[in-house]
Amino acid sequence: MKVFVSRDMASVALGANDVARAFAEAGCDVVRTGSRGLFSIEPLVEVETKEGRIAFGPVGPGDVAAVLDGSHANRLGRIEHLLFFAGQQRFTFGRCGVIDPLSLDDYAAHGGWQGLGTARVMTPQQVVDAVKASGLRGRGGAGFPTGIKWQTVLDAPAGAKFIVCNADEGDSGTFADRMLMEGDPYCLIEGMAIAAHAVGAGHGHIYIRSEYPYCIATMRAAIQASAHLVAPFVLEVREGAGAYVCGEETALLDSIEGKRGQVRAKPPLPALQGLFGQPTVINNVLSLAAVPFIMVEGAEAYAAVGFGRSRGTMPVQLAGNVRHGGLYEIGFGITLGELVNEIGGGTASGRPVRAVQVGGPLGAYFPPSMFHLPFDYEAFAAAGGLIGHAGITVFDESVDMAHMARFAMEFCAAESCGKCTPCRIGSTRGVEIMDRIIGARDASVSVRPEPVEGLSSLADKGKASTGSVGTGEGYLNRALYSRSPDRIDVSIAAQTGLLRDLADTMKYGSLCALGGFTPYPVLSALDYFPEDFGAPAPIKEAAE
Amino acid sequence: MEEFIGAWAVRHGATRDRLLPLLHAIQEEAGYIDDAWVPAIAKALNISRADVHGVITFYHDFRRTPPGRHVVKLCRAESCQARGGAAIETAAAKLLGVAMGETRADGQVALEPVYCLGLCAIGPNALIDGRPVARIDAAALERIALEVAA
Ligand SMILES: Cc1cc2nc3c(=O)[nH]c(=O)nc-3n(C[C@H](O)[C@H](O)[C@H](O)COP(=O)(O)O)c2cc1C
Ligand code: SF4
Ligand code: FES
């Protein structure tokens, strides 16, 4: 009997290896696949029958007999018929969870390499035009039109050009890149080969974060097995080393070049002077993996789905305290509320949803009153947030939003590349401010009676020190201890004002989005959940 | 180790862009990258010692002292926090007898932070000596403590 068990890192973390071993020991032919993408039913086993694959999950290693005779209580039937899957539009993830990721036969039998075949009989310009017409925008976060990026590289005169795949996926709440690389690695390779044909590149790099060991192994094996099919294009995997900022494209290029992963000033654009100074296409995994579909089904088929200027599908990742977490690929335009409540089923804890963070550590926190937002780059930007890599982290009412704001600053401080001051120093000052706010809140002291110096803003601070110049030891002491809580106004109101000031400086004074966007989670937490910062709660809208 | 470094460069290339792969290889071989090996690395790739030092200290993955016999990498990122990660972190530190980010004095176990493992719907998560573990609760922590005591 043939059974299918996922070898995805998440499935393994839930015990899939033990389950697979038990079925193998019972004499089954066990095929290891990628994950279907719904973790509340994993470890999942699918049994091949005349009626198609019948799913059971979650199952343990002791459940072999009950699964094989069909009597197991967690019989789910056909996966495609489950609510979580029936509504999806799997343009990119169609094969993930279905095929043996490293089987070239499986890949070819499920439409693999057709996109590359189509592209190869087209001129490079025709391929670029098709990607433009599809409306595909970069899935790494910034949403830049992929076809326009490719056009720049195609038009750049150069001896050597590169394709770089950004597989650094550092955002908490995201795992789509990982799932695709583990579950359908040839899809990414095919997308990169099409990009290489489109711009005239000979060499490609896939930069994968070191936290993804399964991905690295699968991609390396897939590159080796498919080398003859993409030749003369050559691919290699580069392993990251635990630096979040290396997901920023220019820091990533420096990292591949063997340097500290520091952000480069732009211009020059990587498209013109990228890896080793040569024209370089740098795209997220999902951007590149969307391209084979566009080649096979046509740009119109891709663009037909979507919302406004966000065309095609987005593999949304439901994470955190959510009942049905996993990967949900759907056309843009679905609302945040539908994703969290209907598809995700609310929180895993069963308590009310209080906040969701969309787009990773640099994304805004939204309360349920914003659940009408459609999943669309422009709609989220207008609401003071971002889609980013489409991770949604759900929090229940136990969350302390001041703590989350502090964490955003702490994360920025830990991961800053150090190139610019607002990010490198500002983030540390931000942690200190949050500590004071949390301290004051917890001590229930809302206003300090008589602060030694009324430094309620940076402007006041300037005045205070000028006035004291020349007063000898007193001045020196004040300068030395100017940050000590005794000498600054630690009232919540003053510290909140300072926090806003700092956020402003970081937003406008940072070179890249790490420093520039950290204010999003901080200020959204403050604006939507002021009661956690020791201020009065906002008046609830009737609509809620 | 000098020999290992030289042989690696002959096999895999001696250009500057090989620096991260070489550092990964050294750490895989020895468990850490000793400051004493920096000159050999610099020589093998024909770059300055300062350059090598700068790269080693920039990346969180590279360690300059020997690791614990067991390494518990516990996720501290938002999605795991949403699932009770902070309480698990406190409990893990207590149970393993080592603060987050440190190696226990007897060298038996290190507790290290990691910011997301891409398992964000099934947290709190950790890598125990490289093996992924999900949905960590008090009982799972007990099992982990037993495992790393060996
Ligand atoms: C701090 C920071 C981290 C980033 N991390 C990632 C990442 O992990 N993966 C990714 O694809 N893009 C990431 N980006 C965005 C990239 O800089 C870049 O926009 C992207 O790779 C372009 O590819 P795309 O057009 O296909 O999205 C990050 C940006 C910043 C500022
Ligand atoms: S904002 Fe931060 S991470 Fe970005 S370039 Fe400046 S210091 Fe580096
Ligand atoms: S946040 Fe912990 S695994 Fe992603």
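The space taken by ligand 1 is the second largest pocket, while ligand 2 sits in the largest cavity. Both words have a set meaning here: on a 1 Å grid over the protein atoms alone, a cavity is a set of points where a 1.4 Å probe fits but cannot get out, and a pocket is an open set with protein on both sides within 12 Å along at least five of seven lines, with lining residues having an atom within 4 Å of a point. A molecule counts as sitting in one of them if more than half of its atoms lie within 2 Å of its grid points.

A word on the source: this is a predicted model, in which local features need pLDDT of at least 70 and side-chain atom pairs count only at pLDDT 80 or more, whereas totals for chains, interfaces and linings use all residues. Residues are numbered from 1 along each chain as its sequence is written, chains are lettered from A and ligands numbered from 1 in the order in which they are written, and side-chain values use heavy atoms, with hydrogens and water left out.

**Around ligand 1**

Ligand 1 is surrounded by 18 residues, and the closest are A:Gly140, A:Asn166, A:Asn283, A:Asn284 and A:Ser287. To be near, a residue needs a heavy atom within 4 Å of the molecule. By class, this shell holds four nonpolar, eight polar and six charged residues. In that sorting, Ala, Val, Leu, Ile, Met, Phe, Trp, Tyr, Cys and Pro are nonpolar, Asp, Glu, Lys and Arg are charged, and the others, Gly among them, are polar.

Strand S9 (280–284) and helix H24 (513–517) of chain A each supply at least two residues of the shell around ligand 1, and S9(A) gives the largest share, three residues. Helices (H or I, at least four residues) and strands (E, at least two) are DSSP runs, numbered from the N terminus.

| Residue | Atom of the residue | Distance |
|---|---|---|
| A:Glu249 | backbone N or O | 3.0 Å |
| A:Asn283 | polar side-chain atom | 2.8 Å |
| A:Asn284 | polar side-chain atom | 2.8 Å |

Taken alone, ligand 1 exposes 610 Å², and the protein buries 90% of that. The areas come from the Shrake-Rupley method with a 1.4 Å probe.

**Around ligand 2**

Ligand 2 has 13 residues around it, of which A:Cys417, A:Lys419, A:Cys420, A:Cys423 and A:Cys512 come nearest. Its shell divides into eight nonpolar, four polar and one charged.

**Backbone details in chain A**

Cis peptide bonds join A:Glu42 to A:Pro43, with omega about 0°, and A:Gly57 to A:Pro58, again with omega about 0°. A:Pro43 lies in the loop between strand S2 (29–33) and strand S3 (45–49) of chain A; A:Pro58 lies in the loop between strand S4 (52–56) and helix H3 (64–68) of chain A. A:Trp113, a residue other than glycine, has a positive phi near 70°, and its place is in the loop between helix H5 (104–109) and helix H6 (114–120) of chain A.

**Chain B**

Chain B has seven helices and five strands. Its C-alpha atoms fill a box of roughly 50 × 30 × 25 Å, taken along the principal axes.

Terms used: A polar contact is a pair of N or O atoms within 3.5 Å; within protein, one must be able to donate a hydrogen and the other to accept it, and residues adjacent in sequence count only if both atoms are side-chain atoms.
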